[in-house]
Each structure stands twice: as structure tokens, then as C-alpha cells.
Amino acid sequence: MTPPASGTRHVVAVLLAAAAGGYWLASGYYGKELLAETAITAILAMSLSLLVGQAGLVSLGHAAFFGIGAYALAGFGARLGWPPALAMAAAVATGAVAALLVGLVAVRLAGVFFIMITLAAGEMAHAWFLKDRLFGGVGGMAGVPRLDLSAIGIDTGDPASFALLALGVAILVYLLLDRLVLSPFGQTLRAIHQNEERARALGCPVGRYKLAAFVVAGAVAALAGTLAAQRSAFVSPELLTWTLSGEVLIVVIVGGGASLLGVSAAAALWIGLRHQLSTLTDHWMLAMGAIFVVLVLVAGDGIDGAVRGLWRRLAQRRGP
Amino acid sequence: MIPAAMPPALAADGLRKSFGALEATRGVSLSLPPGRRHAIIGPNGAGKTTLFNLLAGALRPDAGRVRLGSADVTADGPDARARRGLARSFQRNSLFPGMTVEAALMTAAAIAGGLGAVFWRRFDRDRGLADGAAEIAARVGLADRLAVPVANLAYGAQRQLEIGLALATRPAVLLLDEPTAGMSPEETRAMQRLLAGLPRTITILVIEHDMDVVFDLAERVTVLDYGQVLLEGTPDEVRASDLVRRRYLGDRTG
């Protein structure tokens, strides 16, 4: 809840980027896939962090905008044959419009009703793509093109290059959202979260601000979706399941809610653990659940809170 | 400039509000010229809080109008009225518990100033907002507690911040809902001094139980009873009224 304006976040950001870079150098083919997946999950989690951590809007339908972004890229890029860059931009815009439509209804509701309406909207989007013929229904659709960066000498078809691309987009999203979170707009969202009645009495058109946050979050989630569709060259209704919305929500909570870097680290933890545990046991979901329950019990403020606490203790030890 | 030609800073005309069978406000009219200090008193259940909420925009009247300056704001919600220069305090502290005093005051000024839509500048590095927060903090007696988290403030200081948040919006009209509620005698005196020191550019309407505060601050007093205006007059007139004494003041002044 505290504004994450401490200068140490730059240090942490560089450390996280360096860790990703080191992993990129050291890992093989599969590692590059994991890295791309981590970057995509981090973007999705950062977009939800704006809603949950800043505005206090807990959405259980965030995967809908992720999926809509992915399907829109498939539609514009594969079905209509638009250049991938243009199709990506159009897909992000589509995610923003979808978020605007859902948000117009959702931001009028509070608490559990907001959760239910976002869940319902997500399920409706999921149901639509299950039945839809244009994109292959339940079987999904292959042949989604990747961004063409051959002009600057990058072959995005290569997993190593694509992982770097996804990582670069994640860093860009971090820089933009960090700016947004620390701006008067971000502060207004936190004010609404802490005391909506007071914010309104001060002159804040609360609904419009919630809607703006919802649209930005939807657009960024759609951007993550376009990368997911490019990574597998494939879209399916799996992208819009409410369990994915729930997973991202868990990642955000474990990361510390309001901290963009915290939720990014949690995304890496989530993808890494899932990979490690699924090679060890068929009951990996159970094991992950247990690990995350323990994490939340041990560090109630998530990864961000734990790191801050550790930092404080170190500073005290060095001090008097 | 002819004072008589100026519209009242705040005016209510024939306000009515019912909750089911209960008529909480039954045709209340008020008119506050700019700079006026006006108090509303009345026994519990007289409809003070309902009237306050009708003026602040938290409730819509069944009948009647509310005017801010020359604008009819009857249909406006609390945020739209705030943007027209109306600020309110809350009877029970309604603050931003996760912020420091400085951040809370800066936030109030940013929202009221329409800066909330700015997304490319740093909020915490805005010198203008920080200077404004320091000025308001000095006015409400919190100058030495700018860096203190709101949740860590003592109750009396939170009451001061309650006024500070309203002042940070640079209001033309200030509605105060029992500003001394729950305060010690010492804190009450400090609050009286604070209110007495507010500039005349602000028109003030206060609901208050503490008669010392009312008679000290107000130039006009409206006595509410059963949702109606029992009497409106100067503090001396209200004190001298047999009717008011019987209905409300009781043996306090007897």
C-alpha cells in the first residue's frame, strides 16, 4: 500500500533483469521457452497488480483480456493477414475496448460483486471462444505469426531471440507502469483504494478513475496475450479460463500486490516451480498450492514485503 | 461591488427528505452569504445529519433545491459539488490511513486540483503540492507531523487532519460535521482556535453539539427540530429564546 517510490527498486529491477539475462545465457532451448513464458506471465501479473495493488479492484476475469489479445492477434494477423506489428497494436486496442465494455458495468460494483461480475465476464468470453467456429472452437487455431524484426537483424522465430523480445517488452511494461503508479493518477487510485468516500468528497469522479485503471490493465493484459499467442503460434480457449485468472491473482498476491517487481519475481517463481515440480510429481499442483500457502503465511505482505523487511533489518544491523 | 447583489455562497430552498414513513427533513431553507459562519443545532434525531448529507450531496432531496453560488447543484453528486468549491469534514474520521500526513494533504490537493489525470509526472516530487501541504499542515497544527503515518496520529490530530483534508481543496464553502466530536476540552479549545483563524474567503456551515463552540464561532444559528427549522437567529437570539430553551438547551442556560 505504501507508494513504492524507494530508490532501491532500481537496484532490484537491475538485479532481476540481470538474473533473467544470466539465465538466458546459461539455459538451453527449453530454458528460453520458460524465460519467454515467465516474461509473459510477469506482464500479465503487472497489469493485474495495477488493479489489485493500486486501485483495490480484485478481478477474477483478467485472463479474458489476455485471451482476447491473443485471439485478436490471430484474427488480425492470421485470418486477415495484417502485418504482425499492426495486428499486435490492433489486438492491444481490442483488449482496451473489451475492458472498457466490461469496466463500464463492473466499476459500478464494489467488493465481492466486482469479483463476481469480472468472473462472469471472463466465463462469457471463454464460452464464446469455445463455441466459435472462426477460430477453431474448442480445438483452437494454429498459425499465429510472430513479430517480424528482420529489419533490425533479429529472427523472432528463434526461441532465444523471442525470449529476449518478450523480456524486452516486460521491461518496457515495467517502466511504463512504474511511471503510472508513481504519478498523481497512481496516487489517486491508492486514495480511492484507501477511502473511496473521502476521495469522492474531495472531488474525485471515482468511477472514471477505476474505469481508466481497468482499461489500462486490460490493454496490458492483451499485450501479454499477443506474446503468448506468438510464443506457441497457437490460440485456444485455454487462454481464457478462470483458473488462469486465479493463478495470476495468486501470483500478484504472493508478489506483494502493489509491487511491480514483487509480482514479476513471483511470476518467475510460479513458472519455475511449476516446471520443476511437474517433472518430479504428478501432484505438482498440490505441492505448489502448499508452497504458496506457506509463503503467504510466512510473508503476509508477499515477496515485496519480505524483501523490504530483510532490507530494514540489514540496514539496522549496519547502523547503530 | 454591491454585497447585496452577490448570490449566497450556499443556499438551500425547501429541502425535503423522507426515509420510508420517517420525514427526516421537512422543508428546510438556509442562505449563507459569502464569509458567513453558520451553525446548525438541534436535539438528536432532529435531522441535522440528513440535512448535512443533502447539502454535501451524499443524499438527494425528494424536493427542494441546493445552490452553490449561482449554480444549482441539486442534481450533482458529492464529487461534482466538491469540484464547484464545496468541501466537507466527516463526523467520524475519514482519512487515508496508509499515507503520511504530507501525502494525504498532497493527495487531497491533487484530486481537488484535477491533477489526478496526470500520469507522466512524479506525484511525490511535486513541489507545488508539497508546499501547499506544508501550508495547510501549519494552519491545522500538524506542521511538525508531516512525515507521520496518518494511522499513527493521535485522535485529536486525526480530527485536525480531517479539517486539513477539506482545506487542502481550497474550498469556497466548508461543511463541518461535528468537528470537536470525541475531543478532550483541551483539544476542543485548539479546534476552536483553528476554526476562528480560518480566512473569511471561506463560508462555513457547522453542525456541532458543543454549545460553547457554536456560540463562539457562529454568527447565525439554525435550530432544527423534527426536521424543521424551529428558529433561525443570532446566537444571542437563540440563547434568549424560551422556545429553544424548552426544546433543546434545557437547563444548560437555565
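Colleague: What covers the buried residues of helix 5 of chain B?
Modeller: A friendly caution to begin with: this is a predicted model. From chain B, the cover includes strand 6 (86–88), helix 3 (101–112), helix 4 (127–139), strand 7 (173–177) and helix 6 (185–196). Chain A takes part as well, and the element of chain A included in the cover is helix 8 (196–201).

Colleague: How many of the residues of helix 5 of chain B are buried?
Modeller: Buried means under 20% relative accessible area. Among the residues of helix 5 of chain B that pass this test are B:G156, B:R159, B:E162 and B:L167. The helix is mostly covered, and the count is 12 of 13 residues.

Colleague: How far apart are the end C-alpha atoms of helix 5 of chain B?
Modeller: Let's start from what to expect. Helix 5 of chain B runs over residues 155–167, and at 1.5 Å a residue its 13 residues should span 18 Å. The distance in the model agrees with that, at 19 Å.

Colleague: Which side chains meet in a salt bridge, A:R198 with what partner?
Modeller: Across the interface of chain B and chain A, the rule finds 1 salt bridge. The rule asks for a Lys or Arg side-chain nitrogen within 4 Å of an Asp or Glu carboxyl oxygen. At 2.2 Å, N to O, A:R198 meets the side chain of B:E162.

Colleague: Which helix of chain B gives the largest share of the side that touches chain A?
Modeller: In this interface, 32 residues of chain B are in contact with 25 residues of chain A, and 14 residue pairs are in polar contact. Helix 2 (78–83), strand 6, helix 3 and helix 5 of chain B each supply at least two residues of the side that touches chain A. The largest share is 5 residues, and it comes from helix 3 of chain B.

Colleague: What area is buried between chain B and chain A?
Modeller: The size of an interface is often given as the accessible area lost when the parts come together. Carbon and sulfur atoms give 59% of this area. The total between chain B and chain A is about 2500 Å².

Colleague: Is B:T188 buried or exposed?
Modeller: B:T188 lies in helix 6 of chain B. Beyond its neighbours within four places in sequence, B:T188 is in contact with B:T180, B:M183, B:D210 and B:V213. Its relative accessible area is 8%, so B:T188 is buried.

Methods. Residues numbered from 1 in each chain as written. Chains lettered and ligands numbered in written order. Predicted model: local features only at pLDDT ≥ 70, side-chain atom pairs only at ≥ 80, totals over all residues. Heavy atoms only, no water. Helix = DSSP H or I, 4+ residues; strand = E, 2+ residues; numbered from the N terminus. Expected span 1.5 Å × (residues − 1). Buried < 20%, exposed > 50% of the residue type's maximum accessible area, 1.4 Å probe, protein only. Contact = heavy atoms within 4.5 Å. Buried area = accessible area lost by both parts, 1.4 Å probe. Polar contact = N/O pair within 3.5 Å; in protein donor to acceptor, adjacent residues only side chain to side chain.
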